[in-house]
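Subject: Structure handover

Hello,

Please find below the structure I said I would pass on. My notes on it come after.

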Amino acid sequence: MVDFNNVTRQHGQQVLFVDASFKVNPGEKVGLVGPNGSGKTTIFRLILGEERPDEGSVERPRRLTVGYFRQDFAEWRDKSVLTETMAGAGSVAEAGEELALLEAKLGDVDDPDYDRILERYGDVQAAFEAGGGYDLDSRARTILSGLGFGQEEMNGKLGQLSGGWRMRVQLARLLLARPELLLLDEPTNYLDIESIIWLETWLRDYPGAVLMTCHDRDVMNRVVDKIVEIDGGHIRTYTGNYDQYEKARTLDAAQREAEYERQQAMLAKELRFIERFKAQPSKASQVQSRARKLEKIERVEPPRRMVERHFAFKRPDRSGNDVITATALRKSYGTRRVHNGADLMVRRGERWAIMGENGSGKTTLLKMLAGVLTPDAGEVKIGASVTLGYFAQHQVEQLDVTRTVFEELEAHASREGQGVIRSLAGAFGFSGDDIDKPIDVLSGGEKSRLALAKMLYDAPNLLVLDEPTNHLDLGTKRALMKALDDYDGTVVFVSHDRAFLRALANRVLELGPEGPRAWEGSYDDYVVAVGREAPGMRQS
């Protein structure tokens, strides 16, 4: 289907791949992994023909239909969500629009072109039916429902949606189009947990091929059956899901390390012999023979070692035992009541995961607990000696884009010296020249890391976190989970990442139509107790 043959591609001074080869076969589900900037987007662009390799070839059938979900999508028309989604069906959707126009014209039997219009209507209707047009509305509504849209929202204007919800419409368009190859660049970034689970099932059952990047480990484990890894200019292919890839990669790296060490030992031995006997005439022929042999040996490259990121949190002061007491909280937006008497007691050391469907009030509850939103009724009491740190996407948006990473941290920790600032930056993945990057060129994940660094520098003993893993890559998520596991404080959080929920939560608060319901124990305990991974599980 798609065949990379010895592809070399360079951007400026950066060499992305050298003699890279891999295949995507019909029906395969392939995960594309590699560090930021390693060339994942370039691979998508090469497949689409938007870029060309410097050497080698990218081969694909001429008539291959390809759908591409990209993060920089911004184009939209002021039509209904349903109409815009159905437009993704291409020629079938166009045929449907033409049918509607022709039907209106057929009402005028005195039209001199009536026979020609009738004939055209028959041709278009046949094409519409052959392309599954009569099921189009039903399929579009099923997909939109799976991605979290209610029936009323489907009929609403696309222009009234936030950027994240427009991204869901773009994804719905692609799924409805059913191309032979789906290229998906982080499709879960703007989805809630229910929609992510629905998408997993949809992709597993999809007969076409999928090549995807995704920072959600559970999705990669449940969807993909092959991993293509970009690592320092090399591309390697591994069979299996993400967990199987990690095991195979560890074994592969150990073998390459052993091979490199064996060759280094052999080279050192030969060089010692040459150095020892090069001045002895009786050994001259042996010395020359060994020197020629060394010149011809193909050197094994020193293996690249994965650098595990570690976040270093300052130890917070101890809080009192009662950290948050929320009593009879009520909150409405216009006529819509979000909370109607919510209670919550959070004690020191607890890690509460707040779960609920879209619109259940998860973010609203966090804002009330953090004191950035006043409840209409009820009370939130923060306990003795509690210092609160609140992370949400607006912290990312409030970064000063006229500053560099270093300048932003220096302004926040103004009493610290350069050494402390650089150590703080390094703890959150900004090392070397990265510390001098302007904030306006940072990726979403880099901005999130910077906002987290500022918050955690203050060493609060209560963290209120709203989707802290959004836009973070798998390595950064792993480091954050490890740091929070070691964190000696209290956490209340919302996350759509099941690995994060699994690693951190020891209490679950589910927000539902009947009101909040608390579960003691881990996220896995909650799943076993309720028989589902999320409150509003959606049907495929």
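This is a predicted model: local features need pLDDT of at least 70, side-chain atom pairs count only at pLDDT 80 or more; totals for chains, interfaces and linings use all residues.

**The chain as a whole**

The protein chain has 540 residues, of which 47% are buried. Its secondary structure consists of 19 helices and 18 strands. Along the principal axes, the C-alpha atoms fill a box of roughly 110 × 75 × 45 Å. If you take the contacts with a separation of 6 or more, 68% of them are between residues 24 or more positions apart.

Two packed helices are described by the angle between their axes and the distance between the axes. For helix H5 (residues 136-146) and helix H8 (residues 193-205), the axes come within 8 Å and cross at roughly 135 degrees. H5 and H8 are therefore oblique to each other. On the H5 side the contact is made by Thr142, Ile143 and Gly146, and on the H8 side by Ser195, Trp198 and Trp202. Sorted by class, this contact of H5 with H8 has 3 nonpolar and 3 polar residues, and no charged ones.

Helix H12 (residues 362-370) is largely enclosed by the rest of the structure, because 7 of its 9 residues are buried. The buried residues are Lys362, Thr364, Leu365, Leu366, Met368, Leu369 and Ala370. After H12 comes glycine 371, which has a positive phi, near 80 degrees.

**Salt bridges**

Side chains of opposite charge can pair when their charged atoms come close. The structure holds 39 salt bridges.

Glutamate 84 pairs with arginine 173, and the closest N and O atoms are 3.1 Å apart. How accessible are the two partners, glutamate 84 and arginine 173? Glutamate 84 counts as buried, at 6% relative accessibility, while arginine 173 is partly exposed, with a relative accessible area of 24%.

Aspartate 216 and arginine 498 form another salt bridge, at 3.9 Å from N to O. Aspartate 216 sits in the loop between strand E7 (209-213) and helix H9 (217-223), and arginine 498 in helix H18 (residues 498-504), so the pair ties together parts that are 282 residues apart in sequence. Aspartate 216 counts as buried at 1% relative accessibility, and arginine 498 is buried with a relative accessible area of 0%.

Glutamate 408 and lysine 454 meet in a salt bridge as well, at 2.8 Å from N to O. This pair links distant parts of the chain, with glutamate 408 in helix H14 (residues 405-412) and lysine 454 in helix H16 (residues 444-457), 46 residues apart. Glutamate 408 counts as buried at 3% relative accessibility. Lysine 454 is buried too, with a relative accessible area of 17%.

**A network, and one of its members**

Which residues are linked in a network of salt bridges? They are Glu200, Asp216, Asp218, Arg222, Arg498, Arg502, Asp524 and Glu533.

Glutamate 533 is found in the segment after helix H19 (523-530). At 14% relative accessibility, glutamate 533 counts as buried. Leaving aside residues up to four places away in sequence, glutamate 533 touches Ile193, Ile197, Arg222, Met355, Arg498, Tyr523, Tyr526 and Val527. One of these, isoleucine 193, is 340 residues from glutamate 533 in sequence, yet their C-alpha atoms are 8.3 Å apart in space.

Aspartate 3 lies in strand E1 (residues 2-11).

Regards

Terms used
Residues are numbered from 1 along each chain as its sequence is written. Side-chain values use heavy atoms; hydrogens and water are left out. Helices (H or I, at least four residues) and strands (E, at least two) are DSSP runs, numbered from the N terminus. Axes are lines fitted to C-alpha atoms, for helices over the stretch in contact, and angles run from 0 to 180 degrees between N-to-C directions. Angles under 35 degrees count as roughly parallel, over 145 as roughly antiparallel, 65 to 115 as roughly perpendicular and the rest as oblique. Contact means heavy atoms within 4.5 Å. Ala, Val, Leu, Ile, Met, Phe, Trp, Tyr, Cys and Pro count as nonpolar, Asp, Glu, Lys and Arg as charged, and the others, Gly among them, as polar. Buried means under 20% relative accessible area, exposed over 50%, partly exposed in between (1.4 Å probe, protein chains only). A salt bridge is a side-chain nitrogen of Lys or Arg within 4 Å of a carboxyl oxygen of Asp or Glu.
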